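This briefing goes through one protein chain by topic.

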Amino acid sequence: MSENSLQPSQSNNDYHPQLDGLGGWLIILAISILISPIILSYTIIDAISELRPLWEPLTSPQSPYYIDGLATLVTTELTVNALFTLLFLYIIFLFFTKHRHFPKFLIFALVANLLFLLVDDFWVKMILSPYTETDDPEDLRDILLSGIRCVIWIPYLLNSKRVKSTFRH
């Protein structure tokens, strides 16, 4: 059996033994994906604790403080954040097992997160603009940071020799 037949199915041009492993820029990426589920979990817990005393008055149609569509918006936001938390836990697993699907799943998560933030910002403005100021600088910051992450990490994941050499299994 030849030595080439023992190599993963990628072409030999993609494999560089000296770049095989979790090093270089992958360390920064690892830190980012490791803290993502922590931040998302905190976001969920914080939202629930802040909304708990307000939930009934704001979501009950009989209440004078009722906001139509708010219950659906908040429930969707919490559900999507929980799904992103699970997705990032799976991405962490793919990362540390050096699975070949890691780059695709991370690219999907990065793009999906940016799209969700854009849709969510629009949805919040549609529902809350009659009641309060909806131009939150934190929302704009989150969208910009998500866009910057996409601009940095997607080309890196698609073009890096280290990524191609490491995530082959």
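Asp136 sits in the loop that runs between α4 and α5. The model is a predicted one. In this model Asp136 has a relative accessible area of 37% and is therefore classed as partly exposed, since the class lies between the limits of 20% and 50%. From Asp136 to Lys125 the C-alpha to C-alpha distance is 9.9 Å, and the two are eleven residues apart in sequence.

**Overall fold**

- The protein chain contains six helices and zero strands.
- Its order along the sequence is α-α-α-α-α-α.
- The protein chain has 169 residues, and 36% of them are buried.
- Among contacts in the protein chain with a separation of 6 or more, 76% are between residues 24 or more positions apart.
- The protein chain has an accessible surface of about 10,700 Å², and carbon and sulfur atoms contribute 65% of this surface.

**The largest pocket**

- The volume of the largest pocket is about 1,700 Å³.
- Its lining consists of 49 residues, of which Thr43, Asn81, Glu138, Asp139 and Asp142 are the closest to the pocket centre.
- Two or more lining residues come from each of the elements α1 (25-51), α3, α4 (102-128) and α5 (137-159).
- Helix α1 provides the largest share of the lining, with 14 residues.
- Sorted by class, the lining of the largest pocket holds 29 nonpolar, twelve charged and eight polar residues.

**Asn81**

- Asn81 belongs to helix α3, which covers residues 70-96.
- Is Asn81 buried or exposed? Asn81 is buried because its relative accessible area of 14% falls under the 20% limit.
- Apart from neighbours within four places in sequence, Asn81 contacts Leu40, Thr43, Ile44 and Phe116.
- One of these contacts, Thr43, is listed with Asn81 among the residues closest to the centre of the largest pocket.
- Another contact of Asn81, Phe116, is a member of an aromatic pair with Phe84.

**Aromatic pairs**

- The count of aromatic pairs is eight.
- The pair of Phe84 and Phe116 is tilted, with 6.3 Å from centre to centre and 55° between the planes.
- This pair links distant parts of the chain, as Phe84 is in helix α3 and Phe116 in helix α4, 32 residues apart.
- Phe84 and Phe116 are both buried.
- Tyr90 and Phe105 make an edge-to-face pair, with 5.2 Å from centre to centre and 70° between the planes.
- Because Tyr90 lies in helix α3 and Phe105 in helix α4, their pair ties together parts of the chain that are 15 residues apart in sequence.
- One aromatic cluster is formed by Phe95, Phe96, Phe102 and Phe167.

Methods. Residues numbered from 1 in each chain as written. Predicted model: local features only at pLDDT ≥ 70, side-chain atom pairs only at ≥ 80, totals over all residues. Heavy atoms only, no water. Helix = DSSP H or I, 4+ residues; strand = E, 2+ residues; numbered from the N terminus. Buried < 20%, exposed > 50% of the residue type's maximum accessible area, 1.4 Å probe, protein only. Contact = heavy atoms within 4.5 Å. Areas by Shrake-Rupley, 256 points an atom, 1.4 Å probe, with all protein chains shown as cover. 1 Å grid on protein atoms, 1.4 Å probe; cavity = no way out; pocket = protein on both sides within 12 Å on 5 of 7 lines; lining within 4 Å. Points joined across faces, edges and corners; volume = space filled by probe spheres on them. Nonpolar A, V, L, I, M, F, W, Y, C, P; charged D, E, K, R; others polar. Phe/Tyr/Trp six-rings, centres within 6.5 Å; stacked < 30°, edge-to-face > 60°.
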